[in-house]
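Reader: I have a new model open and would enjoy a guided walk through it. Could we take it one question at a time?

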Amino acid sequence: MAKADGEPDEVALLALLPADGTPADGDDIRGQLGWDAGRYAHARDRLQERGYILAGHGPGADVCRDLSAVPPEFRPTCGHPGSRVTVQRVPVTVPHALCDLTGVIVRYPGRGGATVPGSPGGGVANSMGLQLQVDAHTQDVTVTVSGLEGNA
């Protein structure tokens, strides 16, 4: 799951929000967590300051992941291992805190594809020059290509 700079409350709140950015009811989330309004507001506000979520005003307002930092082609694949995405531009880094790409098949035109590994610090490359790297700390996924198209 996403790491929110090691803050357990932030990680717990983010874990309950739909990966696709669908809004969730703040009161429902707070109830699932079993938190009082102050604890919930603190974690919610910290996540919003970091750009991880969008939240309405008031304690029970809707809250959702802020996927604006995630390129549009990746959004439907967040949290859906086995799904496929065709990258539009490289290099590109997708923040794990907002979009878990573990197990997603990433393709780039003329460079084939590869599956995002689940191990932090791991990487994978194919013979056509597509490279995926998972940051050891943040678990952000970076996609790059090398060599000439069709001939890495």
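This is a predicted model: local features need pLDDT of at least 70, side-chain atom pairs count only at pLDDT 80 or more; totals for chains, interfaces and linings use all residues.

Reader: Let's begin with the helices. How are H1 and H3 oriented to each other, parallel or perpendicular?

Author: Helix H1 covers residues 8–15 and helix H3 covers residues 37–49, and their axes lie 9 Å apart. The packing angle is about 80°. Angles of 65 to 115 degrees count as roughly perpendicular, so H1 and H3 are roughly perpendicular.

Reader: How many nonpolar, polar and charged residues does the contact of H1 with H3 have?

Author: From H1 come Asp9, Glu10, Leu13 and Leu14. On the H3 side they meet Arg39, Tyr40, Ala43, Arg44, Arg46 and Leu47. Sorted by class, the contact of H1 with H3 has five nonpolar, no polar and five charged residues.

Reader: Now to helix H2. Where do its buried residues fall, seen down the axis?

Author: In H2, which spans residues 26–33, the buried residues are Gly26, Ile29 and Leu33. These pack against H1, H3 and strand S2 (63–65), while the face turned away from the buried side carries the exposed residues Gly31 and Gln32. Seen down the axis of H2, the buried residues fall within an arc of 65°, so they line one face of the helix.

Reader: Staying with S4, which residue in S9 stands opposite Val94?

Author: S4 pairs with strand S9 (residues 141–145) over three bridges, in the antiparallel sense. Within S9, the residue opposite Val94 is Val141.

Reader: One last stop, Asp62. Is Asp62 buried, exposed or partly exposed, and what is its relative accessibility?

Author: Asp62 is found in the loop between strand S1 (53–55) and S2. Beyond its neighbours within four places in sequence, Asp62 has contacts that include Pro23, Asp25, Gly26 and Leu54. Buried means under 20% and exposed means over 50%, so Asp62 counts as partly exposed, with a relative accessibility of 44%.

Reader: And how many Å separate the C-alpha atoms of Asp62 and Asp135?

Author: Along the chain, Asp62 and Asp135 are 73 residues apart.

Key. Residues are numbered from 1 along each chain as its sequence is written. Side-chain values use heavy atoms; hydrogens and water are left out. Axes are lines fitted to C-alpha atoms, for helices over the stretch in contact, and angles run from 0 to 180 degrees between N-to-C directions. Helices (H or I, at least four residues) and strands (E, at least two) are DSSP runs, numbered from the N terminus. Angles under 35 degrees count as roughly parallel, over 145 as roughly antiparallel, 65 to 115 as roughly perpendicular and the rest as oblique. Contact means heavy atoms within 4.5 Å. Ala, Val, Leu, Ile, Met, Phe, Trp, Tyr, Cys and Pro count as nonpolar, Asp, Glu, Lys and Arg as charged, and the others, Gly among them, as polar. Two strands pair if DSSP finds at least two bridges between them. Buried means under 20% relative accessible area, exposed over 50%, partly exposed in between (1.4 Å probe, protein chains only). The arc is that of the directions from the helix axis to the C-beta atoms.
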